[in-house]
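User: I'd like to go through this model in short questions and answers. Could we start with its open spaces?

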Amino acid sequence: MEVKDHLPLEELKRLERIETNANRSRRLRIVILGIEGWTAPAVAMALGLSRRICQRWIRRYNEEGIGGLADRRGRAPGGPLTPEQEAEVRKRIEAGPTPEDEVCSLRGKDIQRILVEEFRVLRSLAGVYHLLHRLGYSYLRPRPRHRKADPAKIEAFRKEWPDRLRAIAAEHPQRRLRIYFQDESRFGQQGTTTNVWARTGSRPTAIRQTEYKYLWVLGAVCPETGHAEGLLSPQLNTSIINLFLKQFAATIPAEEQAVMVWDGAGFHTSKQLRVPDNITLVTLPPYSPELNPIENLWGYLKSHYWSNRAYDDYEALEQAAIDAWKTAVLDQELIKTVCAAPSLKSANSN
């Protein structure tokens, strides 16, 4: 951090020694450490503060000298936003960047500029982040969405879901409905990386394999009970799906009817598909993975068990898939959490 030489270092240390206010003493310590060459993350860690707070006090000291370290409770630079302005800021944030913004994602600096240019409100960068958090926003990574996804069809599926369940229940009056979500995921030597704990400011490395062996993991989960069934296969076609359905049907109690929700992949709609009597299929709208909570399971397995690793051959992949399945997927309470489906009513809520 660059700190201006408003006062000699020895004078700042003297002021720190005689300062009786703990907050102001800490601010002096931030400036002293900055002059001594400490980085903002290092100062933040040493004093138990956030990096942005440390940078904010350095900026105030640079701009105003020792007076910039005084308490400023109750002051809002540029004046407070009115409720109407806050509503407009929300709309602007949720609409995303415009062509004039010339960015693909609005960051703190962009929103700081928007506040000045569009709302005539001046905020420091720290003030922008404070405002965003107060308005209920976090900087999150979006879930991928296919450009051909149809929001109207997805919403219609949600609305029609209770009626569809009632119709299925009427067709099987002697059986209890149990909802399962089915999907397939490819797992192989085209590896992925996931987050690790590392020293602040470092750039850790992890193995990301780029070879070509892989297998398919087929699964079906019931978010209500946590029951899950799976199958490993070196290939994926209608014959494999038929085998999976046959094995899955054998695990369903005689008094239950499984409602299996899955996507419209070709091997799910083939004329050669053979569906056991105790399974009723429901096909999702095209390009709507957000309606299939087993997608969360694949992400969980990859981030917790399959990433940052290398696999010598198919047998190593198979063993890793089996180990992860035994550890995570057979844990019914975990499956209830990872694959929760609040947007689709339980079969027992009819």
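User: How much space lies in the second largest pocket?
Analyst: This is a predicted model: local features need pLDDT of at least 70, side-chain atom pairs count only at pLDDT 80 or more, and totals for chains, interfaces and linings use all residues. Residues are numbered from 1 along each chain as its sequence is written, and side-chain values use heavy atoms, without hydrogens and water. A pocket is an open set of points on a 1 Å grid over the protein atoms alone, where a 1.4 Å probe fits, with protein on both sides within 12 Å along at least five of seven lines. Probe spheres set on the points, joined across faces, edges and corners, fill the volume, and for the second largest pocket that is about 580 Å³.

User: Which elements give two or more residues to the lining of the second largest pocket?
Analyst: Lining residues have an atom within 4 Å of a point. The second largest pocket has 21 of them, with Ser105, Leu106, Ser138, Tyr139 and Leu140 nearest its centre. Helices are DSSP runs of H or I, at least four residues, and strands are runs of E, at least two, numbered from the N terminus. The elements asked for are helices H5 (83–95), H6 (108–119) and H7 (125–134).

User: Which element gives the most to the lining of the largest cavity?
Analyst: A cavity is a set of points where the probe fits but cannot get out. The search finds one cavity of 30 Å³ or more, and about 40 Å³ of space lies in the largest cavity. Its lining is Val89, Arg92, Ile93, Leu106, Ile111, Ile114, Leu115 and Phe119, and H5 and H6 each give two or more of these residues. With four residues, the element that gives the most is H6.

User: Which helices do the buried residues of H4 pack against?
Analyst: Buried means under 20% relative accessible area, exposed over 50%, and partly exposed in between (1.4 Å probe, protein chains only). The buried residues of H4 are Cys54, Trp57, Ile58, Arg60, Tyr61 and Asn62. They pack against H1 (9–18), H2 (22–35) and H3 (40–47).

User: Which residues is glutamine 257 in contact with, leaving aside its neighbours within four places in sequence?
Analyst: Glutamine 257 lies in strand S4 (residues 256–262). Its relative accessible area is 0%, so glutamine 257 is buried. Contact means heavy atoms within 4.5 Å. Its partners are His172, Arg175, Arg176, Leu177, Arg178, Asp277, Asn278, Ile279 and Thr280.

User: How are phenylalanine 187 and tryptophan 306 paired: stacked or edge-to-face?
Analyst: Rings of Phe, Tyr and Trp (its six-membered ring) pair if their centres lie within 6.5 Å; planes under 30 degrees apart count as stacked, over 60 as edge-to-face and the rest as tilted. The whole structure has seven aromatic pairs. Here the centres are 4.2 Å apart and the planes are at 15°, so the pair is stacked.

User: How many residues apart in sequence are the parts that this pair ties together?
Analyst: Phenylalanine 187 lies in strand S1 (residues 176–190), and tryptophan 306 lies in helix H11 (residues 294–306). Phenylalanine 187 counts as buried at 4% relative accessibility. Tryptophan 306 counts as buried at 4% too. The parts tied together are apart in sequence by 119 residues.
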